[in-house]
Amino acid sequence: MSDEIYQARIVALAKSKVGAGKLAAPTKSARRDNPLCGDRVTIDVRLDASGHIVEIAHQVRGCLLCQASAAALASIAVGRGATGVAELRQDAERALGRQPGKAHEPFDAFEPVAAHKSRQECVLLPFEALKDALA
Amino acid sequence: MTFDVAPVRRQFPILSEIIDGRPVHYLDNGASAQTPLAVLDAVRSYETTGRANVLRGVHRLAERATELYETARADVARFLGVQPMEIVFTGGCTAAINLVAYSYGQLLQRGDRILLSELEHHSNIVPWQLLRQRSGVELDMLPVTTDGQINLESLPKLLTPKTKLVSLAHVSNVTGALLDVRRVVEAAKAAGARVMLDGAQRTPHGPVDLHALGIDFYVFAGHKAYGPNGIGVLWARPELLDAMPPFHGGGSMIGHVTLAETTWAPAPRRFEAGTPPIGPAIGLGAACNWMAALDWTATHDHEMELVQRVLDGLQAIDGTQILGPAGLQNRYPVVSFMLDGVHPHDVAQTLDAFGVAVRAGHHCAQPLMDRFDLDGTTRVSIAPYNDNTDIDALLAGVKHAAATLR
């Protein structure tokens, strides 16, 4: 049954809601919409003087995959700047089969989405918003 | 007379396929319906025994293609109860609305008003916004009731002497609500406004008597009405077609061309520039004939029994809400619902694992989603070939999503 896409790790990530919410005083914020499906992600970040993430929060109006991806990203993004976040995206893309190689924790949880091209943008939308916030 | 679904299903080869190990429970008919053998055969016959361009050639294949194309126009006209030369073939329903927005729009003045509603498909909003940018017309919006119907109480207030056109969905592609056309037409005529209906979700459910409706423009899509992709229809009153300037320029739509100026062919040719979608038009003619041959009293009862099964089944699942009329009154077989705590895309993805195809999201009706503050809905849209096994698979999938995703 193809609802293996909703394997326990993805559901657990979404339900963890790590980083869900708003920051009281973000350095930067960015919002991204997926016009095809209507998903919307808003990311707040507090940055240090060198542009590295000190604190991150996200509001997701979207599906379980988008929520899980935002939680995974929030769990690992602190301490990274734009380059470090780009590396995380590469890892997510490996999980989705868009890049060669094996994905690492936590993004290897999204490997079942590799077989569902129409859902991959759901996983990548939080990365797009965070990239904008760090630009 | 009872409806026997088995012989109908046999006419749709895809319904007996096993795809990736799963049966096909196709409940996404509102996006694109499946195609019966009669349509496939008609298109294949044209492609293999009559393929040529239409109208201009003198050889026998061109004669045959032209005859098939014009017969298709007559078939569509019969389905709508109008004359063949009042039918314009377009590239789709969206193309037909854009044609009206451009060509009828040329007849409007700055400050004229067009009345739409909050539940329209984007294809019945955006072309009018483009016209507003081009020519300065103003747009008004009828609100939507809490049960997903166009609220006609606001008609007297929103119909003004400046209103030239009322353009509304005959049946909502999200809520399934059927428009009270008579009420709209009476009010619009009293105000001197024309009426256009977007029939994309109505035409797949049987012939339409356009003259009885008393409207001025009607549009629909071939692929939602069991026909091929790439074909749509505009019907308009002949005096309106005669008054409207062309939309696209090119071959076939001309009277005479010199290097200085061009005169236009009469309708419908004026609006069919270039080589038309010949095969798709022939397929659509066959689809209209296929639909016309069904007993629609029995077919409609069958479709609405399935709707009732959907409504009853969903209401028995904790946390479901229907967006649309609660019962069978004033609705066609399109049912949108929300499952608390589960995003519509996750519902639809889970249903795919049960072999059930539905649509989830905003359904190209974002203003309606905004009206109800929704991310989207899961939409079940039913055709005559659906049966209880489709609905039971749907309900099993929704129960599974409710049990595992929240």
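Is Cys93(B) buried or exposed, and at what relative accessibility?

Modeller: Keep in mind that this is a predicted model. Cys93(B) counts as buried, because its relative accessibility is 8%, below the 20% cut-off for that class. Cys93(B) belongs to helix H4 of chain B.

Look at what surrounds this residue. Leaving aside neighbours within four places in sequence, Cys93(B) is in contact with Asp198(B), Ala200(B), Val219(B), Phe220(B), Ala221(B) and Gly232(B). Another position to check is Ala225(B), 132 residues away along the chain. Its C-alpha atom is separated from that of Cys93(B) by 11 Å.

Now the sheet beside this helix. Seven strands of chain B form an open sheet with mixed pairing. Their order is S4-S10-S9-S8-S7-S5-S6. Strand S4 (87-90) and strand S6 (138-142) of chain B stand at the edges. Each has a single partner strand, so one side of each lacks a neighbour in the sheet. On average, neighbouring strands are turned by 20 degrees against each other, direction ignored.

Strand S5 (residues 113-117) of chain B pairs with S6(B) in the parallel sense, over five bridges. Within that pairing, Ile114(B) stands opposite Leu139(B) of S6(B).

Two helices pack here. H4(B) touches S4, strand S8 (194-198), S9 and S10 of chain B. The direction of H4(B) makes about 155 degrees with that of S9(B). Helix H3 (residues 60-80) of chain B lies across S4, strand S9 (217-221) and strand S10 (232-236). H3(B) runs at about 115 degrees to S4(B).

Follow H4(B) along to Tyr102(B). The whole structure holds 10 aromatic pairs over all chains. One of them joins Tyr102(B) and Phe247(B) in a tilted arrangement, 5.3 Å centre to centre, with 40 degrees between the planes. Tyr102(B) lies in helix H4 (residues 93-103), and Phe247(B) in the loop between helix H9 (238-243) and strand S11 (254-257) of chain B, so the pair ties together parts that are 145 residues apart in sequence. Tyr102(B) counts as partly exposed, because its relative accessibility is 27%. Phe247(B) is partly exposed as well, at 25%. Elsewhere in chain B, ring pairs link Phe12(B), Tyr226(B), Trp290(B) and Tyr385(B) into a cluster.

Next, a second sheet. It is open, with four strands in the order S13-S14-S17-S16 of chain B. The pairing is antiparallel. Strands S13 (320-323) and S16 (359-361) of chain B stand at its edges, each with a single partner strand, so one side of each has no neighbour in the sheet. The twist averages 30 degrees from one strand to the next. Three bridges join S16(B) to strand S17 (residues 377-381) of chain B. Gly361(B) has Thr377(B) as its bridge partner in S17(B).

Gly30(B) sits between strand S3 (25-26) and helix H2 (37-49) of chain B. Gly30(B) counts as buried, with 5% relative accessibility. Not counting residues up to four places away in sequence, Gly30(B) touches Gln201(B), Lys224(B), Arg379(B) and Ser381(B).

Helix H12 (residues 344-353) of chain B lies across strand S14 (334-339), S16 and S17. H12(B) runs at about 160 degrees to S16(B).

The buried residues of helix H2 of chain A pack against several elements, among them helix H1 (8-16) and strand S2 (40-47) of chain A, and H12 of chain B. H2(A) is largely enclosed by the rest of the structure, because 10 of its 13 residues are buried. They include Leu64(A), Cys66(A) and Leu73(A). The helix covers residues 64-76 and should span 18 Å at 1.5 Å a residue; its end C-alpha atoms are 19 Å apart, which agrees.

One last residue. Arg119(A) is found in the loop between H3 and H4 of chain A. Arg119(A) is buried, with a relative accessible area of 5%. Its contacts reach both chains, including Tyr6(A), Leu65(A), His345(B), Asp346(B) and Gln349(B), not counting residues up to four places away in sequence.

Terms used:
Residues numbered from 1 in each chain as written. Chains lettered and ligands numbered in written order. Predicted model: local features only at pLDDT ≥ 70, side-chain atom pairs only at ≥ 80, totals over all residues. Heavy atoms only, no water. Pairing = 2+ DSSP bridges. Axes fitted to C-alpha atoms, helices over the stretch in contact; angles between N-to-C directions. Contact = heavy atoms within 4.5 Å. Phe/Tyr/Trp six-rings, centres within 6.5 Å; stacked < 30°, edge-to-face > 60°. Buried < 20%, exposed > 50% of the residue type's maximum accessible area, 1.4 Å probe, protein only. Expected span 1.5 Å × (residues − 1).
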